[in-house]
Amino acid sequence: MTDILNFIQSDFSSTLYPLKTNRILAQVHGKEISDYIYQKILNGDHEGDSFLSQHRVYATKPKGHLRRTAKLDPVAEYFIYDICYRNRSIFRPQVSENRCSFGYRFENGSQIPVHVAFNAYKKELKRCSETFKHNIQFDIASYFNSIYHHDICHWFSSKDGVSDIDGQALGQFFREINSGRSVDFLPHGIYPCKMLGNEFLKFIDMSGMLKSKMIIRFMDDFTLFDDDPNVLKHDFIRIQQLFGQFALNVNPSKTYYDNIVGDIQEQLSDIKESLKEIVTDYEEVATASGVEVVETEVEIENPLSVDQVNILVGLLRNEALEESDADLILGFLGIHSDSLLELLPILLERFPNLIKHIYSVCAEVKDKESLTDIILSYLNSDAHFLEYQLFWLAALIEDHLFGVGRYGEVLVKIHEITVDMKIARAKVLEIPEQGFGFKELRDECLKTGQSDWLSWSSAIGTQSLKPAERNYMLNYFSSSSPMNYLIASGVRKL
């Protein structure tokens, strides 16, 4: 049980929508959640108990694109971590020295951190670029949203060491959390699902029909290397045919020929050229897909000088600034976060995809009252807000600004704005603030007996009340559904 909790805890901050409701319940009520899953949900004698259909959410991606996924409830999330951890032996190292895949498995008892795996991937890309004359890079279009339910469940069940019970359980899980739909069922942004998605693609690594000297893969980002371009073209066609057996397609807009590490397909922007002049240890790495790159940390060996900080802050004012450029600059300025305060309104408005990075940088801001005022002013503007932004702004308030200045007004404003954004509103309700009318708001959610994210997070939000008052508020809530009862039982332990 402790190992599962460590897995959940270590991955928590890396997920797209890290609601503390799930983490707290896993910590204090993990055994009971496990018993409910394996003794009732997966037991054919309890037809009234099942995995619930999961709530659909969207996370931001560069250039206004959205990543469609689901936010798993406390029971569903616990299950996917548990089943992947118990079957971690099926997630293997790379096939061979010339068929390399990186990350998303366990090594020496712990999962390999994404940034560690990505750094190893970058080094291998660079080595091969210097060794071979030609390469081709590509990725799978909307990979997680395109995998077919039967394919991944059949693959999982067929692995040595996976019991029939676990094979059937995973199939039931994916079927029920997605209301029976056979695609768009694999949640994004959590490590166990990345393990599944990564290992499933090993059928490409193991194919004996591919002749390229090197095949390097990071999840669904592929790079083939060889001195003969005809070999690469043959393998590229063959891989697309292999993908076709599972209804997967290559993304034409992210297919590149003969990229060299240190270059990108298009001409570098003036901003990137400026960055190379300002920060000498900046390196551009070209990949077919940039999805996982944002999870890595920019490391600077030497602190920036005052002049460098001023120049970088000046670059953030540039109207022509691209989102990827702003992301890099934020990484460099992380330890100089007070310099960003006056620019924060611009970053919030122009670059919604950077909100998680902004959340991290704001942890180091010393003038917290000014930061709270800036966020409140932004929320009172006419901006178009995305749920992902509002979720992370609420997390920022809880983790970095709780009790500071007008933080209560910020929480109230986010609650008002998120009337149609259930997960962002749940983030506000789970924060154990009893003032500003939040105790009454939670009481309304709990008394109706509803069984959804608003009531579950409201239950967690009562944790700072005295036990007698808290337990009274949970009475109606706990009797309305098995999930409510499970959650209320966990909250009473706090």
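User: Which residues of H17 meet which residues in H18?

Analyst: This is a predicted model, in which local features need pLDDT of at least 70, side-chain atom pairs count only at pLDDT 80 or more, and totals for chains, interfaces and linings use all residues. Residues are numbered from 1 along each chain as its sequence is written, and side-chain values use heavy atoms, with hydrogens and water left out. With contact meaning heavy atoms within 4.5 Å, and with helices (H or I, at least four residues) and strands (E, at least two) taken as DSSP runs numbered from the N terminus, Leu390, Leu393, Ala394 and Ile397 in H17 meet Tyr407, Val410, Leu411, Ile414 and Ile417 in H18.

User: At what angle do the axes of helix H17 and helix H18 cross?

Analyst: Axes are lines fitted to C-alpha atoms, for helices over the stretch in contact, and the angles between N-to-C directions run from 0 to 180 degrees. The axes of H17 (residues 387-400) and H18 (residues 407-417) come within 10 Å, and their crossing angle is roughly 160 degrees.

User: Are H17 and H18 roughly parallel or antiparallel?

Analyst: Angles under 35 degrees count as roughly parallel, over 145 as roughly antiparallel, 65 to 115 as roughly perpendicular and the rest as oblique. The axes of H17 and H18 cross at roughly 160 degrees, which makes the two helices roughly antiparallel.

User: Which residues in H12 and H13 meet?

Analyst: Helix H12 (residues 306-316) and helix H13 (residues 323-332) pack at an angle of about 150 degrees, with their axes 10 Å apart, and they are therefore roughly antiparallel to each other. The residues that meet are Leu312, Leu315 and Leu316 in H12 and Ala326, Ile329 and Phe332 in H13.

User: How many of the residues of helix H8 are buried?

Analyst: Buried means under 20% relative accessible area, exposed over 50%, and partly exposed in between (1.4 Å probe, protein chains only). The buried residues of H8 include Tyr191, Lys194, Glu199 and Phe200. Helix H8 (residues 191-200) is largely enclosed by the rest of the structure, because the buried count is 10 of the 10 residues.

User: Is Tyr104 buried or exposed?

Analyst: Tyr104 lies in the loop between strand S3 (99-101) and strand S4 (106-107), and its phi is near 55 degrees, a positive value in a residue other than glycine. Most residues other than glycine have a negative phi. With a relative accessible area of 2%, Tyr104 is buried.

User: Is Ser179 buried or exposed?

Analyst: Ser179 is placed in the loop between helix H7 (164-177) and H8, and the phi of Ser179 is near 55 degrees, a positive value in a residue other than glycine. The relative accessible area of Ser179 is 55%, so this residue is exposed.

User: Which residues is Gln172 in contact with, leaving aside its neighbours within four places in sequence?

Analyst: Gln172 is found in helix H7, and at 14% relative accessibility it counts as buried. Once its neighbours within four places in sequence are left aside, Gln172 is in contact with Ile41, Leu42 and Phe51.
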